[in-house]
Amino acid sequence: MNGTTLAAPSAALDLRTDAHVHTGFAAGRDSVGVVVSAADLAGLTTVTFADQVGPETTWLPAYADTIRRARRRTELSLRVGAEVEVVQPDGWLAWPADLGHLEVVSVAVSRLPLAEGLTAPRDVRSMLAAGRITQEQVAEAAVTATIKGIERASRYAPVQLARPLSLLAQVGIDDALLTPDTLDALTAACRFTGTAVEISEAWRSPSPRLVATLREADVALVAASDARYAGEVGRWQYLHRV
């Protein structure tokens, strides 16, 4: 696996790049070849494949080989990546057994890592309703796990941050709750680790407010469809608005 490469901030988002697409190997529905054809049709120049992986994943070699073979049949730049979940409060990730095939890691916080274990958004909402946890505690836990997750991942590969803080929206917390100090810590971690933050079309994340904060802090931003279907690759609506 490659070492960390700092991502350069950019004043303008490159909409010819799709930094997060899925295939039939995991969360998607279409083959690598079909996705590449759709990307070409959409006028893209670069595609990052980011199928979801974990400790039980056995198909990474075949996945990487398929993408590398597709490179020989297209002028598009194709990157072999994977989406990896933060699973502990200290930022520990659900790594697959073999990292050697990956050129980039997309870090995700889809469930809230608490001391008692990973907590799904529905259960976090129940905890909030019951008064067992506060909105401030949820926000702090989510941001802390995100920061520690990208710091860990950056030791092994270039890093992207998938659908940042979308977990907060899923549990009914506005990211306006985040304090300036919390946002400063997040943006500083992104800059220090060279993490490129994905602006996700599918998840409408991060919010326009957070996008503005990241841009003002000179954090690198990349366009990401998070497409499950080939027809969604490189198709932008939310990104045009933000």
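Biologist: Which residues form one aromatic cluster here?

Modeller: Bearing in mind that this is a predicted model, the residues that form one aromatic cluster are F25, W59 and Y63.

Biologist: And how many aromatic pairs does the structure hold?

Modeller: The structure holds 4 aromatic pairs. One of them joins F25 and W59, whose ring centres are 5.6 Å apart with 40° between the planes, and that pair is tilted.

Biologist: Which parts does that pair tie together?

Modeller: F25 sits in the loop between strand 1 (17-21) and helix 1 (32-41), while W59 sits in the loop between strand 2 (46-52) and helix 2 (60-71), so the pair links parts that lie 34 residues apart in sequence.

Biologist: What about W59 and Y63, what kind of pair do they form?

Modeller: W59 and Y63 form an edge-to-face pair, at 5.3 Å centre to centre and with 75° between the planes.

Biologist: Are W59 and Y63 buried or exposed?

Modeller: Both W59 and Y63 are buried, whereas F25 counts as partly exposed because its relative accessibility is 29%, a value that falls between the 20% and 50% cut-offs.

Biologist: Changing topic, how many cavities of 30 Å³ or more are there?

Modeller: The count comes to 1 cavity of 30 Å³ or more, and the largest cavity has a volume of about 30 Å³.

Biologist: Which residues line the largest cavity?

Modeller: Its lining is made up of V109, T146, L161, A162, R163, P164 and L165, and by type these residues divide into 5 nonpolar, 1 polar and 1 charged.

Notes. Residues are numbered from 1 along each chain as its sequence is written. This is a predicted model: local features need pLDDT of at least 70, side-chain atom pairs count only at pLDDT 80 or more; totals for chains, interfaces and linings use all residues. Side-chain values use heavy atoms; hydrogens and water are left out. On a 1 Å grid over the protein atoms alone, a cavity is a set of points where a 1.4 Å probe fits but cannot get out, and a pocket is an open set with protein on both sides within 12 Å along at least five of seven lines; lining residues have an atom within 4 Å of a point. Grid points are joined across faces, edges and corners, and a volume is the space filled by probe spheres set on the points. Ala, Val, Leu, Ile, Met, Phe, Trp, Tyr, Cys and Pro count as nonpolar, Asp, Glu, Lys and Arg as charged, and the others, Gly among them, as polar. Rings of Phe, Tyr and Trp (its six-membered ring) pair if their centres lie within 6.5 Å; planes under 30 degrees apart count as stacked, over 60 as edge-to-face and the rest as tilted. Helices (H or I, at least four residues) and strands (E, at least two) are DSSP runs, numbered from the N terminus. Buried means under 20% relative accessible area, exposed over 50%, partly exposed in between (1.4 Å probe, protein chains only).
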